[in-house]
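Entries follow in the order I checked them.

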Amino acid sequence: MMQAYRDAVRTMPLGCRTGRVTGVVGTSVESAGPDVTLGEVCELVLGDGSRVLAEAVGLRPGKVVLMPYRELRGVAVGDEVLATGRPAGVAVGKGLLGRVIDAFGQPLDGKPVPVAQATRPLQAEPLNPLTRPRIGTVLETGVRAIDGLLPLGRGQRVGIFAGSGVGKSTLLGMLAREVRADINVIALIGERGREVREFIENHLGPAGIERSVVVVATSDQPALARARAAYTATAVAEFFRESGSDVLLLMDSITRLAMARREIGLASGEPPTARGYTPSVFAEIPALCERCGTAASGGSITALYTVLVEGDDFNEPISDIVRATLDGHIMLTRELAHEGRFPAIDVLQSASRLASDLATPDERATMAQVVELLATYERNRQMVEMGAYRAGSNAGIDQAIRLVPAIVAVLRQRVDESSGRSQTLALLRRALAEVAA
């Protein structure tokens with residue numbers, strides 16, 4: 001017992017690192033000292049004795065740029081700044097299952113604080129790429145357009161691209177319910193407060209919440225809290241992956257994470273680049289996405305990131321960097337949504353980079369035939385609808401006109417409807433054979 005006390009005294013710091021607030025600009029705080037490292041958590045001691053946690057996001061000669069985890073009301077010049085000596089982390093454990101927490105691991109569902117098994121840093125070391133097992137197992141989603149034409153594998157990372165109001169949250173809820181994974185980790189970043197409860201009760205449901213961990217940071221929270229929620233969800237998913245579980249990580253949306261990181265970067269003095277995004281945004285998004293995937297533990301993290309496309313421009317900067325980083329992309333278009341098709345997945349603009357590895361030769365032949373028919377019909381759609389095409393002029397167009405309605409009928413799906421991959425492919429083959437006959 002005495003040896004434990006000696007070790008504690010020997011390792012205990014005999015002084016504290018302090019500083020003073022020298023200025024407040026927008027959502028950032030400047031202080032003279034303390035001596036901290038980038039990413040270290042500090043405490044702002046306000047005049048009334050209350051304390052506000054903040055993170056060091058920028059370092060300058062004699063100055064520290066801090067961003068708080070909550071609003072800055074009450075902060076004044078001269079307030080004391082205390083360095084805690086710890087980086088940002090989150091308590092993890094199996095007690096998180098079935099819970100709704102904030103970016104700091106604190107409960108939002110009115111239940112007691114989850115029992116923690118360990119504390120994980122938010123910024124984890126990257127995995128050795130040669131220790132990652134290859135992806136070879138199909139992950140069934142219950143969505144026919146995905147299972148039939150855009151197959152996903154366990155450990156794959158895919159982006160769901162859509163403009164506002166096209167149905168990505170509804171699709172996300174359907175995936176959370178139907179995907180056959182051991183555990184769901186769902187990050188709702190920058191969401192409206194009203195939509196959080198609607199998503200949990202309507203889209204996720206009691207069956208979905210039982211095997212899920214929901215991390216929430218609403219749009220009214222500071223940028224640092226919104227960004228932290230993405231890293232908290234990823235750290236929780238990594239904990240379950242290390243135990244050998246197959247985890248589904250759903251993040252809605254990575255665009256709001258990029259917006260939060262842009263706000264943090266500008267406050268710390270970074271120069272703006274494309275559409276005002278700072279250079280660190282384009283470095284942090286790939287680093288965060290690369291933490292998902294397979295691992296030597298036998299577990300996996302299959303990540304689905306939604307991308308809120310600004311102005312329906314699928315080539316805007318965040319869409320570009322996410323599409324280049326991930327292993328596939330699923331495009332939801334407003335045109336298909338206006339036609340009443342759900343999910344509004346544009347198969348021709350979407351791609352799964354592992355489709356050839358996950359499908360058999362017969363399945364690839366069916367997928368190629370369906371895509372070819374859809375592409376032929378789409379190329380000539382305007383001419384057909386205007387009545388400028390004469391039947392019999394082109395055998396390929398005639399075949400597409402006959403078969404595409406049957407294909408669309410298979411891909412159209414109700415929210416409460418689900419079917420397996422083999423069943424979806426059988427429906428597509430039957431539709432092609434029946435109409436052709």
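In what order do the six strands of the closed barrel run? I keep in mind that this is a predicted model. I read the order as 1-2-5-4-3-6, with antiparallel pairing.

Next I took strands 1 and 2. Strand 1 covers residues 18–25, strand 2 covers residues 28–32, and five bridges join the antiparallel pair. I picked out Arg20 and found Ala32 as its bridge partner in strand 2. Then I checked what packs on the sheet. Helix 6 (residues 254–267) does, touching strand 2, strand 4 and strand 5. Its direction makes about 155° with that of strand 5.

Then I turned to charges. I count 25 salt bridges. One of them joins the side chains of Arg120 and Glu238, at 3.4 Å, N to O. Arg120 sits in strand 9 and Glu238 in helix 5, so this pair ties together parts that are 118 residues apart in sequence. I find both Arg120 and Glu238 buried. I also note that Arg120, Glu238, Glu242 and Arg291 are linked in a network of salt bridges.

Arg154 and Asp246 also meet, at 3.8 Å, N to O. Arg154 is in the loop between strands 11 and 12 and Asp246 is in strand 15, so parts 92 residues apart in sequence are tied together.

Arg197 and Glu201 meet in a salt bridge at 2.7 Å, N to O. Both lie in helix 4, four residues apart, about one turn of the helix. Buried or exposed, which is Arg197? Arg197 is exposed, with a relative accessible area of 58%. Glu201 is partly exposed, at 46%.

Conventions. Residues are numbered from 1 along each chain as its sequence is written. This is a predicted model: local features need pLDDT of at least 70, side-chain atom pairs count only at pLDDT 80 or more; totals for chains, interfaces and linings use all residues. Side-chain values use heavy atoms; hydrogens and water are left out. Two strands pair if DSSP finds at least two bridges between them. Helices (H or I, at least four residues) and strands (E, at least two) are DSSP runs, numbered from the N terminus. Contact means heavy atoms within 4.5 Å. Axes are lines fitted to C-alpha atoms, for helices over the stretch in contact, and angles run from 0 to 180 degrees between N-to-C directions. A salt bridge is a side-chain nitrogen of Lys or Arg within 4 Å of a carboxyl oxygen of Asp or Glu. Buried means under 20% relative accessible area, exposed over 50%, partly exposed in between (1.4 Å probe, protein chains only).
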